[in-house]
Amino acid sequence: MATENKILILGPTGAIGRHIVWASIKAGNPTYALVRKTPGNVNKPKLITAANPETKEELIDNYQSLGVILLEGDINDHETLVKAIKQVDIVICAAGRLLIEDQVKIIKAIKEAGNVKKFFPSEFGLDVDRHEAVEPVRQVFEEKASIRRVIEAEGVPYTYLCCHAFTGYFLRNLAQLDVTDPPRDKVVILGDGNVKGAYVTEADVGTFTIKAANDPNTLNKAVHIRLPKNYLTQNEVIALWEKKIGKTLEKTYVSEEQVLKDIQESSFPHNYLLALYHSQQIKGDAVYEIDPTKDIEASEAYPDVTYTTADEYLNQFV
């Protein structure tokens, strides 16, 4: 049975890692999590904390109660990493952006272990081989693309997961800076608001990731999550929200030239978020044709998944 695949999650207490752990347990997979003996990061941007309120300590207790097999280790400790990998069939890395290049250590460990059916590198965003993103996010995407090239050169079996815009960062605030809930008076729109974007809840990313992990057809392919009811322009998203609150928001449209200027003049996390919003809302990095020889559209491959629509997601803020 597919659910007999033993799955190891690296970065299991991060923003997306926790959802992959929960989805793996729900699917019936024996689930392993590599955990470092360090306290959780409490200095996160407030948007990330709002979208992922559980602390590392709370997650560890939760995982234990669910039957997750916790393995103490670190991707920088080759011996413990190889030992962990030898116990499983599939390795999913959900490490944060600062650890992307360190995945070469995971690749080395996978090669030494010699038993892994599939490796999911830490991507969980746009397709890093199809984008027009600007700095500072461009560097992160280039690092992710370079990891793809190492995986392919080393002959490690893989699946790339391209999920585009998390609702927790793009939808819960309508892509507005310094707020964690949708605005009720004014809204800033980058570009003309007519470029399609792809939204997905973090929980649904977890579900589709495990679906792809258990699916032999995803071997050495990229899985793209662009859900039909969540493939929306910013104007369409705002219209959904206006209908819910029975009010028309005052709209300010910002030109690409001004957005690029704002990115250059802002510091983290504003510059990072603006560059992400620019990628989807102006450059249209979620709009492309897939290649059936190397790509899989998740909504077509897994029609049995009932996902949360953007419309449904926004209900919690009314």
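This is a predicted model: local features need pLDDT of at least 70, side-chain atom pairs count only at pLDDT 80 or more; totals for chains, interfaces and linings use all residues.
Local features were taken at pLDDT of at least 70 and side-chain atom pairs only at pLDDT 80 or more, whereas totals for chains, interfaces and linings use all residues. Residues are numbered from 1 along each chain as its sequence is written, and side-chain values use heavy atoms, with hydrogens and water left out.

Helices (H or I, at least four residues) and strands (E, at least two) are DSSP runs numbered from the N terminus. In helix 4 (residues 78–85), Leu81, Val82, Ala84 and Ile85 are buried, that is, under 20% relative accessible area with a 1.4 Å probe and protein chains only. Because these buried residues fall within an arc of 160 degrees seen down the axis, they line one face of helix 4; the arc is that of the directions from the helix axis to the C-beta atoms. Glu79 and Lys83, on the other side, are exposed (over 50%). The cover over the buried residues of helix 4 includes strands 1, 2, 3 and 4 together with helix 5 (103–113), contact being heavy atoms within 4.5 Å.

Helix 6 (residues 137–154) has 18 residues. Its buried residues, among them Phe141, Glu143, Lys144 and Arg148, pack against helix 5, strand 5, strand 6 and helix 11 (270–281). Just after helix 6, Gly155 adopts a positive phi of about 70 degrees.

Two arginines sit over tyrosine rings, with CZ within 6 Å of the ring centre and within 35 degrees of the ring normal. Arg97 lies 5.2 Å from the ring centre of Tyr272, and Arg226 lies 4.1 Å from that of Tyr288.

How values were computed: The expected span of a helix is 1.5 Å times one less than its number of residues.
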